[in-house]
Amino acid sequence: MSGLGKLKEEHLALSSGIGLAGFAISNFYESIEMAFAEFEDEIIDSIVKPNKTSAIHWYLSHFQDISRQIHDLRDVEDRLEYCLDFIVRILKEANLDPKLPVPDFDNCTEDWHEECECKEMFDKWERYVNHNAGEIDDLIIHSAFQVIFLDRKFLHDFHLALSEFIKYNMSDIQKKYPDCVTSKGRINRFYFPKWLTNAVFYRDKGTCTICRCDLSNLIRSQNTVHIDHIVPLDVFGSNDASNFQLLCEACNTSKGARATTTSSINVPFWNH
Ligand SMILES: [Zn+2]
Ligand SMILES: [Zn+2]
C-alpha cells in the first residue's frame, strides 16, 4: 500500500452513498439549476481553488436530508416497523450506536402504534437520528462522492453546466476573490495540492484518459504527467477538485485550451 501514501482508511456508507449518487445523476438535468441557486455562495467558495468540499458535494447536499427522509417515510408508510428498520440500517452504516431498546411491536396490542410504548421508543430512535443528522448526511454525501468521482462523463456534463453558472456569476466571483480572476474574466490557474494529484492519478489508474497510454512509471516526474482541467479555465471551467483528469504530454498539448474532451473508457477490476 506504499503507493497510497498517507491515506487513512475510514468508515464509509457505500450503500446509501451509491443510492444518493444514482439519484443525483438521474435527476441532473431537472435539478441542476435549483441546486446551483440553493448553494450559490458555497459553490463559489469551493471552486476558485481546489477544495476538499467540491461543487459536487454541494450538488449532492441538495438531495440529502436524512431527517426529512424519515419524516416522509412515516407519512406514507403506516408501519412503524418498516421505518425503524430503515433507521437501524442507516445508523449501522453510519457506525452510530444509539444504545436504545428496540420496540416490541409483535407483543403490542395497538395495531397503529399511536399511543403505546413502541411509539414512545420509536420517537427516541427518530430523535437520535435528528440529533445526529448533520453527521449522517455528511457521511452519506462523502460516500456518494467516492462513486460519482469515478464517472468522468458525468463530471464533464456537470462542469459544462457549472461553466454557465461561472460565466453568469463572474462579477460576484471577481468581487469576492479578486486575486483568483484573470484580466480576461476567467478563473486563474492554481497549483495542484498533493491530495488532489494523488486522487486523480489513482482514479485514472495511472493512464492517460484520452489515449490510454501508461503513465504509472512516471508518477515521480511531474513534467510528463499532466493534470488537465476537464472543462478548461478558458471556457469558464474552474479549479473545483472534481474538474481534473490525467493526460499524457501529447494529449495535453493537442487538447488545447478550449476543448472539453474526456472519455468514458475505464480500467475495470477485471476484463470480461
Ligand atoms: Zn405499539
Ligand atoms: Zn494521451
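Author: Asn95 lies in the loop between helix H6 (80-93) and helix H7 (117-131). Please keep in mind that the model is predicted.

Reader: What makes the phi of Asn95 worth a mention?

Author: Most residues other than glycine have a negative phi. Asn95 is not a glycine, yet its phi is positive, at about 60 degrees. Lys99, also a residue other than glycine, has a positive phi near 50 degrees. Lys99 is found in the loop between H6 and H7.

Reader: How do you know whether Asn95 and Lys99 are buried or exposed?

Author: Exposed means over 50% relative accessible area. Asn95 has 53% relative accessibility, so Asn95 counts as exposed. Lys99 has a relative accessible area of 69%, so Lys99 is exposed.

Reader: On to the metal: which atoms coordinate the zinc ion (ligand 2)?

Author: The SG atoms of Cys208, Cys211, Cys248 and Cys251 coordinate the zinc ion (ligand 2), at 2.3 Å. Along the chain, the donors are spaced as C-x2-C-x36-C-x2-C.

Reader: Why is the site of the zinc ion (ligand 2) called tetrahedral?

Author: Four donors count as tetrahedral if all angles lie between 85 and 135 degrees. The angles among the four donor atoms here are 105 to 116 degrees, so the site of the zinc ion (ligand 2) is tetrahedral.

Reader: Why do you call Cys248 and Cys251 buried?

Author: The cut-off for buried is under 20% relative accessible area. Cys248 has 8% relative accessibility and therefore counts as buried. Cys251, with a relative accessible area of 10%, is buried.

Reader: Which residues is Ile136 in contact with, leaving aside its neighbours within four places in sequence?

Author: Ile136 is in contact with Ile66, Ile90, Leu91, Ala94, Leu96 and Val129. Contact here means heavy atoms within 4.5 Å.

Note on methods: Residues are numbered from 1 along each chain as its sequence is written. Chains are lettered from A and ligands numbered from 1 in the order in which they are written. This is a predicted model: local features need pLDDT of at least 70, side-chain atom pairs count only at pLDDT 80 or more; totals for chains, interfaces and linings use all residues. Side-chain values use heavy atoms; hydrogens and water are left out. Donors are N, O and S atoms within 2.8 Å of the metal (3.2 Å for Na, K and Ca); water is not among the atoms, so sites may look incomplete. Four donors count as tetrahedral if all angles lie between 85 and 135 degrees; four count as square planar and six as octahedral if opposite donors are over 155 degrees apart and all others between 65 and 115; anything else is irregular. Buried means under 20% relative accessible area, exposed over 50%, partly exposed in between (1.4 Å probe, protein chains only). Helices (H or I, at least four residues) and strands (E, at least two) are DSSP runs, numbered from the N terminus.
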